[in-house]
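The exercises below go through one protein chain, from single residues to the overall fold. Each task is followed by a worked solution.

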Amino acid sequence: MTGPSGLISVAQCPAGEVVLGGGFFGPIGDVVNVSMPIDQGWQAEGELPLQAYAICSAPTP
């Protein structure tokens, strides 16, 4: 899953799935202040527009 491009980007996992990891796509040289898991996804914040992505999966029983 990917989030919208911007200075703050949040990628949300679909309902019923959990976030396993994530990161971001952005320009070389961008200063990234945050790249971390949040509730059901991944959040990234940078000095230049970037795009967060989340790696999602169905929970294991």
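**Exercise 1.** Does Ser 9 count as buried or exposed? Describe its surroundings as well.

Solution. The model is predicted, and the values here are computed from it.
- Step 1: locate the residue. Ser 9 belongs to strand β1.
- Step 2: read the accessibility. Ser 9 has a relative accessibility of 0%. Buried requires a value under 20%, so Ser 9 counts as buried.
- Step 3: The Ser 9 side chain reaches the backbone oxygen of Pro 4 at 2.6 Å.
- Step 4: list the contacts, leaving aside neighbours within four places in sequence. Ser 9 is in contact with Gly 3, Pro 4, Trp 42, Gln 43, Ala 44, Leu 50, Gln 51 and Ala 52.

**Exercise 2.** Which residues make up the largest nonpolar core? State which strand supplies the largest share of this core.

Solution. 
- Step 1: recall the general background. In soluble globular proteins, nonpolar side chains tend to be buried together.
- Step 2: name the members. The largest nonpolar core consists of seven residues, namely Ala 11, Cys 13, Trp 42, Ala 44, Leu 50, Ala 52 and Ala 54.
- Step 3: assign the share. Strand β4 contributes five residues, the largest share of this core.
- Step 4: examine one member. Setting aside neighbours within four places in sequence, Ala 52 has contacts that include Met 1, Thr 2, Gly 3, Val 10, Gly 23 and Phe 24.

**Exercise 3.** How many disulfides does a search of the whole structure find? Characterise the geometry and placement of what is found.

Solution. 
- Step 1: count. The search finds one disulfide.
- Step 2: identify the pair. Cys 13 and Cys 56 form it, with their sulfur atoms 2.1 Å apart; the cut-off is 2.5 Å.
- Step 3: determine the handedness. The torsion about the S-S bond of Cys 13 and Cys 56 is about -85 degrees, so the disulfide is left-handed.
- Step 4: Cys 13 sits in the loop between β1 (6-12) and β2 (18-25), whereas Cys 56 is in strand β4 (residues 41-57), so the pair ties together parts 43 residues apart in sequence.
- Step 5: check the exposure of each end. Cys 13 counts as buried at 9% relative accessibility, while Cys 56 counts as partly exposed at 21%.

**Exercise 4.** Where is Asp 30 found, and what does its side chain reach?

Solution. 
- Step 1: locate the residue. Asp 30 is in the loop between β2 and β3 (32-38).
- Step 2: classify it. With a relative accessible area of 14%, Asp 30 is buried.
- Step 3: find the polar partner. A polar atom of the Asp 30 side chain lies 2.9 Å from the backbone nitrogen of Leu 48.
- Step 4: complete the contact list. Not counting residues up to four places away in sequence, Asp 30 touches Gly 46, Glu 47, Leu 48, Pro 49 and Leu 50.

**Exercise 5.** What are the C-alpha separations of Gly 22 from Ile 55 and of Pro 59 from Pro 27?

Solution. 
- Step 1: take the first pair. Gly 22 and Ile 55 are 33 residues apart in sequence and 5.4 Å apart, C-alpha to C-alpha.
- Step 2: Gly 22 is in strand β2 and counts as partly exposed at 23% relative accessibility. Beyond four places in sequence, Gly 22 touches Trp 42, Tyr 53, Ala 54 and Ile 55.
- Step 3: take the second pair. Pro 59 and Pro 27 are 32 residues apart along the chain, and their C-alpha atoms are separated by 33 Å.
- Step 4: Pro 59 lies in the segment after β4 and is partly exposed, with 48% relative accessibility. Among residues beyond four places in sequence, Pro 59 is in contact with Gly 16, Glu 17 and Val 18.

**Exercise 6.** What pattern does the protein chain follow along the sequence? Summarise its overall dimensions and surface.

Solution. 
- Step 1: list the elements. The chain has zero helices and four strands, in the pattern β-β-β-β.
- Step 2: compare with the globule rule. For 61 residues, a compact globule would have a radius of gyration near 10 Å; the chain has 12 Å, which agrees.
- Step 3: Along the principal axes, the C-alpha atoms fill roughly 40 × 15 × 15 Å.
- Step 4: describe burial and surface. Of the 61 residues, 28% count as buried. The chain exposes about 3,700 Å², of which carbon and sulfur atoms supply 62%.
- Step 5: describe contact range. Among contacts between residues at least 6 apart in sequence, 60% join residues at least 24 apart.

Note on methods. Residues numbered from 1 in each chain as written. Predicted model: local features only at pLDDT ≥ 70, side-chain atom pairs only at ≥ 80, totals over all residues. Heavy atoms only, no water. Helix = DSSP H or I, 4+ residues; strand = E, 2+ residues; numbered from the N terminus. Rg over C-alpha atoms; globule rule 2.2 N^0.38 Å. Buried < 20%, exposed > 50% of the residue type's maximum accessible area, 1.4 Å probe, protein only. Contact = heavy atoms within 4.5 Å. Areas by Shrake-Rupley, 256 points an atom, 1.4 Å probe, with all protein chains shown as cover. Polar contact = N/O pair within 3.5 Å; in protein donor to acceptor, adjacent residues only side chain to side chain. Core = buried A, V, L, I, M, F, W, Y, C linked by side-chain atoms within 4.5 Å.
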